[in-house]
Amino acid sequence: MSRAEMDQLGWDSCDIVLITGDAYIDHPSFGMALIGRLLEAQGFRVGIISQPDWNSAADFRRLGKPNLFFGVTAGNMDSMVNRYTSDRKPRSDDAYTPNAEPNKRPDRAVTVYAQRCREAFAGTPVVIGSIEASLRRIAHYDYWSDKVRRSVLPDSKADLLVFGNAERAIVELAHRLAKGEKIAEIRDLRGTAFMVGRDWLPSADWDEMDSTEVDTPGPLVKHADPYAMDEGAGNNAGSPPPASDGAQPVRLVPRAERLAARRERRAHSVVRLPAYEQVKDDPVLYAHASRTFHLESNPGNARALRQAHGERDVWLNPPPLPLTTEELDAVYELPYARRPHPAYGEAKIPAWEMIRFSVNIMRGCFGGCTFCSITEHEGRIIQSRSEDSVIREIEEMRDKTPGFTGIVSDLGGPTANMYHLKCKDEKIEAACRRLSCVYPDICDNLGTDHAPLISLYRRARSLKGVKKVLIGSGLRYDLAVRSPEYIKELVQHHVGGYLKIAPEHTEEGPLSKMMKPGIGSYDRFKQLFDRFSREAGKEQYLIPYFIAAHPGTTDADMVNLALWLKKNNFRLDQVQTFLPTPMALATTMYHSERNPLKKLHRQGGEVVGAVRGARQRKLHKAFLRYHDPENWPLLRDALKEMGRADLIGNGKKQLVPAWQPAGTGLKAAAAIRQAPERQGGAPRPTAARRNAAGPRPAAGGARQPGPRKTRSPR
């Protein structure tokens with residue numbers, strides 16, 4: 001991190017300098033540490049510049065000119081999500097900064113950092129990556145500016161964008177640059193994006209598929225008719241020569257050969273998305289581009305994509321291939337110090353405190369929740385570590401991490417119970433184009449055996465020096481109910497009194513837009529949870545997460561959710577309002593008011609209500625905290641307008657009382673009076689207002705996708 005450290009190592013220069021918006025914590029849950037250690041293991045000298053002063057290029061010269069390239073990231077979070085709340089208000093702290101100090105990174109940090117690298121050392125290749133670059137790799141709706149923005153590539157002027165989990169791409173890139181290849185010539189790495197001319201193709205045998213209109217794309221090529229008698233049709237090297245009169249035998253092409261030819265054709269095809277200049281002003285085309293993008297997300301069958309930005313195109317190669325178990329083990333078992341850099345002294349870094357005693361056991365998520373960005377970044381194919389590797393990390397954490405008291409705070413990842421779950425058939429998995437393996441129902445081809453996870457839990461808690469292993473990652477309860485044995489193991493040994501799960505809502509309307517299971521799955525899980533808790537003689541509770549203002553949510557939906565909460569005696573302490581993050585499908589619904597989960601049409605098609613007004617967003621959030629007297633005036637007014645005054649009173653089936661405690665309700669009322677009709681600009685007519693349940697507009701909402709204790713910060 002400093003010239004002094006370089007001198008101690010005897011380095012005159014670094015091969016690669018990594019820029020990050022986070023404090024440098026040498027732990028595999030933090031992207032820069034993982035990539036840095038991986039490159040180090042390949043023999044490269046790596047420097048890390050953490051949270052540089054972006055007001056000039058001086059701090060970017062701290063370690064000198066890198067021999068190969070700058071690697072630029074915003075950190076473990078998108079910088080705009082990190083810096084602003086769902087109400088677009090600046091956050092007062094930053095979990096990834098020493099002592100949680102705010103304002104240590106700029107807005108749109110990837111773009112700013114990349115430009116400063118150019119200023120520091122002109123001509124040095126700049127490679128951008130991390131979740132901010134991943135989620136902004138094509139034209140995307142930006143909630144904070146309330147407009148569609150260009151890909152981050154032309155804005156940052158980077159030479160290459162690496163998206164998703166980048167181990168394969170970044171290692172090969174480093175070696176090829178070290179051999180003398182020019183970065184402008186490296187165009188074949190999966191999981192990378194770059195700028196090209198409008199007519200550029202990798203080779204002459206590539207085809208372009210035009211998907212710039214809202215229609216059903218046709219076939220890429222007209223395949224030869226296997227029954228045709230014209231010369232050359234269906235012929236191959238093994239066929240008999242044609243007769244002297246030109247006739248030839250009919251050749252029936254086997255299915256395997258036809259499929260192989262189709263795969264080869266797809267591997268040399270690129271889909272042209274609607275241009276940035278089209279989607280920025282046409283919400284329907286934006287929704288079409290989003291749907292097409294997500295359908296090309298399976299590494300087994302995804303085609304390359306291109307999208308015009310002015311006179312040039314952003315070209316996206318297919319997503320990276322998932323790491324094998326052996327490869328993932330090797331990445332997580334590199335020699336991490338497992339603590340913040342000594343330069344921070346005794347400063348507390350909340351993100352580190354959150355995960356210091358947890359272990360990441362897997363990557364990816366096949367849930368496909370529309371408000372979540374995990375699939376767009378990590379992919380939907382689960383990558384799991386071996387049991388032995390996880391055990392070795394727990395032992396290392398026990399022996400090396402200061403303050404370890406015997407409590408492992410989490411064994412998980414994006415989800416707690418997708419460890420080693422995968423498609424039963426690799427061929428089916430490679431051909432699949434479903435956006436979710438568990439919605440609307442769990443796929444018959446999905447293996448749901450929790451036995452490997454049960455084995456891991458039992459072995460982990462039996463380790464010497466380990467008193468308890470807790471599970472903090474979010475649980476996919478619709479999968480868990482397929483394995484009562486797993487629920488019993490979890491409830492009786494790995495719950496510390498409370499278990500957090502995420503039903504998100506109770507009503508079918510919003511759940512269908514989230515791609516989440518019905519509340520019946522939650523009820524079945526709760527029955528098993530309560531039963532096994534009683535059998536163990538433990539008093540334990542479920543803590544559910546819910547979302548306010550998700551697209552497709554009406555006022556009536558929120559009323560029903562509030563009544564469900566009261567019936568089940570839930571008084572939520574912290575609630576979150578939907579925050580539209582770049583490239584998420586729910587964000588597409590919010591911006592376009594169309595449903596990209598279905599085929600799109602210019603005329604007709606499903607309209608999705610979206611909540612943009614500050615008043616309406618506050619109302620939906622207030623329904624989740626129906627018990628708070630500060631919200632009662634707002635809720636009473638809303639219930640009267642909806643014709644539901646019957647819910648005002650002191651009865652068990654009523655939502656809010658008619659009386660108001662002295663000195664309460666003033667803050668909420670003032671905030672609503674002062675709130676603009678719509679954040680970020682003047683009001684505009686919306687489908688939500690046209691299709692509202694009652695006099696108020698329909699509402700939508702989703703959880704803010706910032707880091708939680710339940711997920712790896714990567």
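In which loop does Pro-440 lie? Pro-440 is found in the loop between α15 (426-431) and α16. The structure described here is a predicted model.

## Overall architecture

The protein contains 26 helices and 24 strands. Of its 714 residues, 59% count as buried.

Among contacts in the protein with a separation of 6 or more, 76% are accounted for by residues 24 or more positions apart.

## Backbone particulars

Most residues other than glycine have a negative phi, and most peptide bonds are trans.

Asp-146 is placed in the loop between β6 (140-142) and β7 (147-149). Lys-157 is placed in the loop between α6 (152-156) and β8 (160-162). Lys-157, at 57% relative accessibility, counts as exposed, because the value is over 50%.

## Packing of α14 with α16

Two packed helices are described by the angle between their axes and the distance between the axes. For helix α14 (residues 387-400) and helix α16 (residues 451-461), the angle is about 30° and the axes are 10 Å apart. The two helices are therefore roughly parallel to each other, since angles under 35 degrees fall in that class. The crossing of α14 and α16 is right-handed.

On the α14 side, the residues in contact are Glu-387, Asp-388, Val-390, Ile-391 and Ile-394. They meet Pro-452, Ser-455, Leu-456, Arg-459 and Ala-460 of α16. By class, this contact of α14 with α16 comprises six nonpolar, one polar and three charged residues.

## Packing of α18 with α20

Helix α18 (residues 484-493) packs with helix α20 (residues 519-535) at an angle of about 50°, and their axes are 9 Å apart. This angle makes α18 oblique to α20. The crossing in which α18 passes α20 is right-handed.

From α18, the contact involves Pro-484, Ile-487, Lys-488, Val-491 and Gln-492. From α20, Phe-525, Leu-528, Phe-529, Phe-532, Ser-533 and Glu-535 take part. Sorted by class, the contact of α18 with α20 has seven nonpolar, two polar and two charged residues.

Is His-27 buried or exposed? With a relative accessible area of 1%, His-27 is buried. The residue lies in the loop between β2 (25-26) and α2 (31-41).

Which residues does His-27 touch, not counting residues up to four places away in sequence? With that exclusion, His-27 touches Ala-33, Tyr-336, Arg-338, Trp-352, Ile-355 and Ser-358.

Methods:
Residues numbered from 1 in each chain as written. Predicted model: local features only at pLDDT ≥ 70, side-chain atom pairs only at ≥ 80, totals over all residues. Heavy atoms only, no water. Axes fitted to C-alpha atoms, helices over the stretch in contact; angles between N-to-C directions. Helix = DSSP H or I, 4+ residues; strand = E, 2+ residues; numbered from the N terminus. Parallel < 35°, antiparallel > 145°, perpendicular 65-115°, else oblique. Left-handed = near helix turned anticlockwise from the far one by under 90°. Contact = heavy atoms within 4.5 Å. Nonpolar A, V, L, I, M, F, W, Y, C, P; charged D, E, K, R; others polar. Buried < 20%, exposed > 50% of the residue type's maximum accessible area, 1.4 Å probe, protein only.
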